[in-house]
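Welcome! Please take a look at the sequence and structure below, and then read on for a short tour.

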Amino acid sequence: MSLAQAEAHELELEQPAGLWKDAVQRLKRNPGAIIGALLISMFVFLALFADVITSYGPGEQVGSLGGNGSPPSSEFWFGLDKQGRDYFSRVVYGARLSLLVGVVSVSVGLSIGLVLGSIAGYFGRWVDGLLMRIIDIMLAIPSFLLAIGLVTLLGRGLVQVMIAVGATQVPLFARLLRGGILAQKESDYVLAARSLGAPGPRLLLRHIIPNSLSPVIVQATLSMATAIIEVAALSFVGLGPSQPGLPEWGLMLADSASRLEQGLHLVLFPGIAIVLSTLGFNMVGDGLREALDPKLKS
Amino acid sequence: MSEPLLSVTDLEVRFKSRRGTIHAVNGISFDLRAGETLGIVGESGCGKSVTSLAMLGILPRQAYPADGSVMFGGRDLLRLKDQEMREVRGKDIAMIFQDPMTSLNPILTIGRQLTESLRRHLKMDKETAREEAVSLLDRVGISDAGDRLRSYPHQFSGGMRQRVMIAMAISCRPKILIADEPTTALDVTIQAQILELLKRLVSEEQMALILITHDLGVVAGVCDRTNVMYAGGFVETGATESLFATPRHPYTAGLLDSVPRLDASGKQRLVPIPGTVKTLMEKPTSCAFAPRCMYAVDESRREVPPLREIAPGHHVACFNPVPESDLPQGAITEAR
Amino acid sequence: MLRFVVRRLLQLIPILLGVSILLFAFVRALPGGPAIALLGERATEESVERIETELGLDQPIYVQYGRYVRNLVQGDLGTSTRSRQPVLEELKQKFPATVELAFAAMLFAIILGIPLGFLAAKRYLGFLDNASLFVSLIGISFPVFFLALLLKYVFAIKLGWLPTVGRVDVTRSIEHPTNFYLLDAVLTRDWEGVVDVLKHLVLPAIALGTIPLAIVARITRAAVLDVLNEDYVRTARAKGLDPSVVDRRHVMRNAMLPVVTVIGLQTGLLLTGAVLTETVFAWPGMGSWMLEAIRFRDYAVIQGGILFFALLVSLTNLAVDVSYAYLNPKIRLSR
Ligand SMILES: Nc1ncnc2c1ncn2[C@@H]1O[C@H](COP(=O)(O)OP(=O)(O)O)[C@@H](O)[C@H]1O
Ligand SMILES: [Mg+2]
C-alpha cells in the first residue's frame, strides 16, 4: 500500500463508519422513527404475505355485481366494492403494488439523479452549468404535470408510470448529490487525500460520494412517500397504470369518489392506507435526517 | 466601607440536558461596589457566561431558575417579576457579549438597534433618540455617526461592531456594565483599543464593570479586583495586584505561569495546566481542581475547600495553598 | 435592487425557452405528431397531409421551432381541437379560477401556519410542540385528493353546510369582468354573490391549503427555534425589551427569511394539488381543463397549460427571491 492509499484508507474508516453507528443509536432513541419503521414494516408484511393474509384474490368477485357494494361486516372486514370484490383483499394487495411502485420509481429517480449530480459536481464548469440549467427547466414544471406529460408520452403501462414518477424525482437527487460533492471537494480530508496523490475518479467513488450520501438517503426515504402519493394521484385522475382491475389505492379512491353519498368506507380504507404508508416513510425520513445531521440536535 | 452596589450570594445555576443535570455554577458569592472594576477569570466552560446571564435573568431555556440571591438596590433580582426585571436590564445593568459578529441583529439598522433601548428605557422620542445615538457612536469612536446609523451590521468590521455593542450597552447610563469576553473574538491590535475604550468609558461614567475573560493579561490592565473561577466556583479572589503577585491557589499560579508574556525573553516558558475542565454532572463533593493539581492532598479529594481569607481581602479555596516561596519572582504585575 | 430584479427576470428567459423546447419536442414525439395533436385522433389521412404542409412540417425543424416561438411570443398558443377556441381565450377563463383557489389556500396556510409554528417553537418540546409536529407530519402524508373527499363528505354531503361542486351556484349569474369570481362579485357589489362564492371556495381552499399549512408550520417552527438560539436575540433580551417586541422585531423578522423561501417553493406543489382538488370539487380551473385535454388528446391545450404553469412557477420563484433579498439587507445592499 502506498502512503496515499494507507492514508485514504484510514480516512475512509473514520469518516462514514462513526457517523452511521451514531446515527443508528440516535435513530433507536427517536420514538417517531420507531413508529415510522413499524408502519413501514407493517406494509412490507402485508405486501409480502398478501396471499396468506387475505381469503380472496384482489380481482375475485365474491358478492353481487353492480350496486354500491356492501358495508364492512365480520366476513368482509372492509366490505365489498361495487363489483362485489372483497375490499380488504384489495387494500392489502394494494400495499404490494404501492411499495413496488415506490421502490422502483425512487430507484429510477435516484440512479439517474446520482449520475447526473456526480457528473455535474465532479466536472464542474460548463458541464455543471448545462446540467443545472436542464434541472432548472424540469423544476419549473410542477412535478405532477411532468409525470402527466411523461405518461401521455410513454403510455400507461405499470413500468411506464413508474418511470414517469421516477423522472420527476431526478432534479431533487441530482441537486442534492451535486451540492454534497461540491462541499466535499473542498473539505480538508479530500484536499489531504488529493495532495497525497489519490486519483480523482477513485476519490469520487470511494470518498466523496459515500460522504455526500446521507442527505440523499434521507431524501430517498421521503421520496418513497412522494412516489406512493404521486402514483395514487395519477390513478385518481385516470392516468395511472391501465391494467383493468388493478388493486391500486388511488384507483380505488377514484372509483368510489363519485359514490361518496353511498358510504364513506370505500374511500376511507384505501385513503388511510395511503396516509399510513406515506406517514411511515416521512417519519423514518425525518428521524434519519435528525440522526445523520448531528448539528440539528440542540 | 459603603454598601455594595451588587451583592451575589450562593448563586447556583443548573441545566437540564439529555444526559442529566449539568451543574454550571455552584454557589458563588461576591460583592461589587459602585464604580469598581471586577475581573472574573477562568478557562472556557467554567461558568463565567452563565453567571452573568443569571444575574440578568436571561439564562437559556434549558436552564433551571437560578438559586441564591443577587441583591441590587435593595431587591433580589432573582425574585423580581419579569416585568420589573426588564426595567433593570439594559437600564441599570447592561451587558456586552463575546461575539460582535453574531450579537447584532443582521436585518435591523445599527440606528434601530441603538435607539431601541433609549426609547424603551428613557422614553425618548424618535428624533431625540437618533441624536443621542449619534453622540453615542461618536463617543465609542465611530466617525460619520449620522450616516452610520443607516448601516447594517454586515457593513461593519468586528471591532466596529463591538464598539456599537458598547455604545448600546452604555446608552442608558447603567450603573453596572458586564463585559463577557469583549475582546476574545477580535484581532490582537483591536483588542487593546476596545479595552482602552471600555476603561475610559467606565471611568467617565463612573460605572461599575464586571470584566469576564479567560485572559489574565486583560484583567491585569483593567481590574481593581479579580475572582478566579474554576468549574463553577471561585477558587481565589482578591485585589488584582496581590493576586498576581502572590497567587496562592495552584490553579491561579498555573494560569499565571501559562500566560504568554509579550515582554518575554526567549526562554520564558509557557506552561499549560495539564488536563481539561470536565462538565459537572453532579455537584462537586471534593476540590474540582484536585485531579489536575500537583498540590492536592487527601482532604482535597474528600471535601470541597471553602474560600478562606489568607491575607487581608485575599481569599483562597484550597486545603494546601501554594507556599509563597514557591512563586516565580516578578510576576505579571509588571505588565500593568 | 432594481438591477437584481432585472437580472433575475432575464434569467427566466432561458428557462422558459427550455420549457418551450421541451413542449415542442413533446408534441413531436407523440404518436402521430402535431398534425394529430391539432386534428385529433380520428383525422383522415388527407387532412393530416394537408395540415402538415399547412403547418410547414416539411420544413427543417429549427424553422418549425422558430415559428412556434414566434407564435408564443405573440400570445398565440394555438387552438383547442375540442372547443375550436383559441387556447389563450380558454386560459383567460380557467387561469383566474385556479389562481383564486390557490391564493385562498395559501392564505389559509400562512395565516394559520406561521402562528402555529411560532407557538410550537416557543413551547419547544412541550405538549403543543409535539402535538403540532405530529399533526403536521400527518398533514404532509395526506394526499390532497383524499382530504378533499373527506371534507366534501363531512361538510358538504353529511352536514350539508357547504356546496359540493363548482365556483358559484349554477342558478346564480354574476358578472365576470375579471373571472376572479370573488373580485367580480365585490366589484359589482353583488354581496349575496360574494357570500355564495366564498361558500364555494371554503372547502377546496382548506383541502388544498392543509398540506402547505403543515409545511409552513414545520418550517416556521424550525426557523424560530434557530433564531431563538441566536446571540442577537439574547442581546435584545439583555436590553430589557418586552418579550412581544423581541418576538416581533428580532425573532419573527429573521425567521421569516427561510419561511418565505419555503412558501415560494410550495407553488409547484400547490398547483399540483390544485389540479387534484379541482377534480374532486368540479372546480372549473386549469386542472380540470388540462385533464380533460389529456383525455381528449387536445395537445394545444396541454402545451399551453404546462407552459403557463411553468411561467407561474418561475414568476413566484422570482417573487420569492426578490422578497428574500428585500428582507435580507446583506443581499439587498450588495446588488
Ligand atoms: N444552554 C446550555 N445547555 C446546557 N448546558 C449549558 C448551556 N450553556 C452553558 N452550559 C454549561 O455551563 C457550563 C458553563 O458555560 P459558560 O458559562 O458558557 O462557560 P464560560 O466560562 O466559557 O463562559 C458549560 O460547561 C456548559 O456545560
Ligand atoms: Mg463564555
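The report below covers how to read the model, a surface patch and an interface.

## Reading the model

This is a predicted model, in which local features need pLDDT of at least 70 and side-chain atom pairs count only at pLDDT 80 or more, while totals for chains, interfaces and linings use all residues. Residues are numbered from 1 along each chain as its sequence is written, chains are lettered from A and ligands numbered from 1 in the order in which they are written, and side-chain values use heavy atoms, without hydrogens and water.

## A nonpolar patch

On the surface, Val44(A), Phe45(A), Leu48(A), Phe49(A) and Val52(A) make up a nonpolar patch with about 490 Å² of accessible area together. Such patches join nonpolar side chains (Val, Leu, Ile, Met, Phe, Trp, Tyr) within 5 Å, from residues with over 30% relative accessible area and no salt bridge; the areas come from the Shrake-Rupley method with a 1.4 Å probe, and for residues only the protein chains shown count as cover.

Helix H3 (residues 31–48) of chain A contributes the most to this patch, three residues. Helices here are DSSP runs (H or I, at least four residues), numbered from the N terminus.

## Where chains A and C meet

In this interface, 37 residues of chain A are in contact (heavy atoms within 4.5 Å) with 42 residues of chain C.

The rule finds one salt bridge across the interface of chain A and chain C. Asp286(A) forms a salt bridge with Arg218(C), with the closest N and O atoms 2.7 Å apart; the term means a side-chain nitrogen of Lys or Arg within 4 Å of a carboxyl oxygen of Asp or Glu. H12(A) gives the most to the side of chain A that touches chain C, twelve residues.

Notes
Patches are made of residues with over 30% relative accessible area and no salt bridge: like charges are joined within 9 Å, nonpolar side chains (Val, Leu, Ile, Met, Phe, Trp, Tyr) within 5 Å. Helices (H or I, at least four residues) and strands (E, at least two) are DSSP runs, numbered from the N terminus.
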